[in-house]
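Reader: I am new to this structure and would like to be walked through it. Could we begin with the terms and then turn to the details?

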Amino acid sequence: MDFLTLAENVSTRQMLRHLGVVEEDNQHPGQTLGGTEIDESRPLLTPSAEAELFLLASNFLLYVAMIIITTMVAKIYFPESLERGRASQEGLPRSRSYSLRMVDGVEISEDDDYYASDSDSDGAIDEDEVLGSDGSESDQGDPSMTDSWRRNASGSLLEFDQEKMSKTEVLRRLVFCCLMLNLTFVTWGILQERMLTRRYPRFTGEKFVYTYALVFTNRLWTVIFSGLLLLYLRPKISRTTVIYEYSFPAISNMLSSWCQYEALRYVSFPSATLFKSFKLAPVMAMGKILGNKTYPQYDYMVALVIGIGITMFMTTTDDISLGYDIYGEQVNEAWTGIMLLGFFLFFDSFTSQWQSRMFQRHRDMSLIELMFATSAFSTVLAFITLVHSKELYLAITFVIEHSEIHLHFFMFSICSTIGQLVIYYTIKNFGAVVFTLIMTFRILLSIAISCFLYGHKVTGLGFIGLMLVMGAVFYRIKRKAEGQQLVKWQGINEPEQGKELLHEWHEHGDM
């Protein structure tokens, strides 16, 4: 057997067959090809899927072991760091009484899933709990102290008073949000595809394969961004949380980012972008598991239609098939990308659900503090992963040797940071429904630009699948927006913002 024949057979199983390391005919009877026996059994995973799954599992176990060991050391030598304090009562509600209100003639509880049906918003701290059923201040302490706490938690830089602004001024700010959200996220997506799927230099160089370096860069900038917000807004630091509680969403958030970056090696960017629209299904499943929550019937129908549309799009755009080669191995490795995107949805839904539980349990915790602590854990873990996998030096060397990627890395991180700031600003001032409309348009724009720049082909059936997904998403937006004025010339409903912000941040902020 010549070397060229051996080199063409990249999998271990095929190499062993050509080298003659095969079982006897009487042990595993099967067909033969050129004197080489062919095993009729089909493997469960492709070699690439096995490698990705092994890397994912090993890193997950590494993070869990590190958290356990660190907690044990802290328990022995620094026990006071693990003691749970008591929330300061200054400016915070002393009780959790859920008020009732009328919606379309139906009396519902404030903790019901009315506005955002994705359950990752339900557990978040709800500022409406400081109000009685008649809208007046209940037994919560001095109202001025509550107002002071709210100002400290949100600040004045990132919000404006619509009651004091004209219609033209409000619309001008809305247009600004539309432009900035689309500019930052579309640019971020284009750079993501360029960095992970194209060569440096173009056509003749090598690909950037160090996805954890991107995760580390994003989380580092998020730490800087949220740290600056902490310094400026100065929210009260939570006394009831224990530091290791932030590590769980940090691990899942980091792994979800790694999975979506790594999936681009196997599926196209338009398919990966559209696949994220299916996030509703795992969010509902995780809500059932962690919170035993219920959802409106139309959410299940929307998830089903989105799944059908994504299937139609990906089977034609990425040419996904169920075929096997003569050795029983899958020909199309796009299934590896689908597996990674599935893990992305799983980890991301766990992150949002866990953070919602933290908001529910710790009333003195602000969103900025949660973002800072989670990103700090993710930054440290991503750096350790780069060192442990010996990719830190390789990633730095790659960046130094290829000057073209310098601007890409910088713009990628800047778009990620500014994008998160604009998300906060948009939801804070215009609400989740307006934000969802903008981000849905962003999905269409990102897919169109990616197809134009990188030559992705969308067939007629794929286009129908895309329209099915978008139709289902817009229908869900319509149901969520029933009875609401999307853009108001007076202040928005402040109590809903805490729930909207956390929910929409995870559903559309794919950082």
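Author: A residue is called buried when its relative accessible area is under 20%. Please also keep in mind that this is a predicted model.

Reader: Is Phe398 buried or exposed, then?

Author: Phe398 has a relative accessibility of 3%, so this residue counts as buried.

Reader: Which residue forms an aromatic pair with Phe398?

Author: Phe398 pairs with Phe208. The pair is edge-to-face, with 5.3 Å centre to centre and 65° between the planes.

Reader: Where do Phe208 and Phe398 lie?

Author: Phe208 lies in the loop between β6 (206–207) and α6 (211–233), and Phe398 in helix α13 (residues 392–401), so their pair ties together parts that are 190 residues apart in sequence. Phe208 counts as buried, at 1% relative accessibility.

Reader: Which residues form an aromatic cluster with these two, Phe208 and Phe398?

Author: The cluster also contains Tyr200, Tyr210 and Phe409.

Reader: How many aromatic pairs does the count come to?

Author: The count comes to 16 aromatic pairs. One is formed by Trp188 and Phe412, whose ring centres are 5.6 Å apart and whose planes are at 20°. Planes under 30 degrees apart count as stacked, so this pair is stacked.

Reader: Which helices hold Trp188 and Phe412?

Author: Trp188 lies in helix α5 (residues 167–197) and Phe412 in helix α14 (residues 404–430), so the pair ties together parts that are 224 residues apart in sequence. Trp188 is buried, with a relative accessible area of 1%, and Phe412 is buried as well, with 0%.

Reader: Changing topic, how many residues has helix α16?

Author: Helix α16 (residues 460–480) has 21 residues. From its first C-alpha to its last, α16 reaches 30 Å, close to the 30 Å expected at 1.5 Å a residue.

Reader: Which residues of α16 are buried?

Author: Among them are Gly462, Leu466, Val469, Val473 and Ile477. Seen down the axis of α16, the buried residues fall within an arc of 150°, so they line one face of the helix.

Reader: What about Leu468: how is this residue classed?

Author: Leu468 lies in helix α16 and, at 32% relative accessibility, counts as partly exposed. Leu468 also belongs to a nonpolar patch on the surface, along with Met301, Leu304, Ile308, Leu461 and Ile464. Together, these residues have about 530 Å² of accessible area.

Reader: Which helices supply the nonpolar patch?

Author: α10 (297–317) and α16 each supply at least two of its residues.

Key:
Residues are numbered from 1 along each chain as its sequence is written. This is a predicted model: local features need pLDDT of at least 70, side-chain atom pairs count only at pLDDT 80 or more; totals for chains, interfaces and linings use all residues. Side-chain values use heavy atoms; hydrogens and water are left out. Helices (H or I, at least four residues) and strands (E, at least two) are DSSP runs, numbered from the N terminus. The expected span of a helix is 1.5 Å times one less than its number of residues. Buried means under 20% relative accessible area, exposed over 50%, partly exposed in between (1.4 Å probe, protein chains only). The arc is that of the directions from the helix axis to the C-beta atoms. Patches are made of residues with over 30% relative accessible area and no salt bridge: like charges are joined within 9 Å, nonpolar side chains (Val, Leu, Ile, Met, Phe, Trp, Tyr) within 5 Å. Accessible areas come from the Shrake-Rupley method with a 1.4 Å probe; for residues, only the protein chains shown count as cover. A salt bridge is a side-chain nitrogen of Lys or Arg within 4 Å of a carboxyl oxygen of Asp or Glu. Rings of Phe, Tyr and Trp (its six-membered ring) pair if their centres lie within 6.5 Å; planes under 30 degrees apart count as stacked, over 60 as edge-to-face and the rest as tilted.
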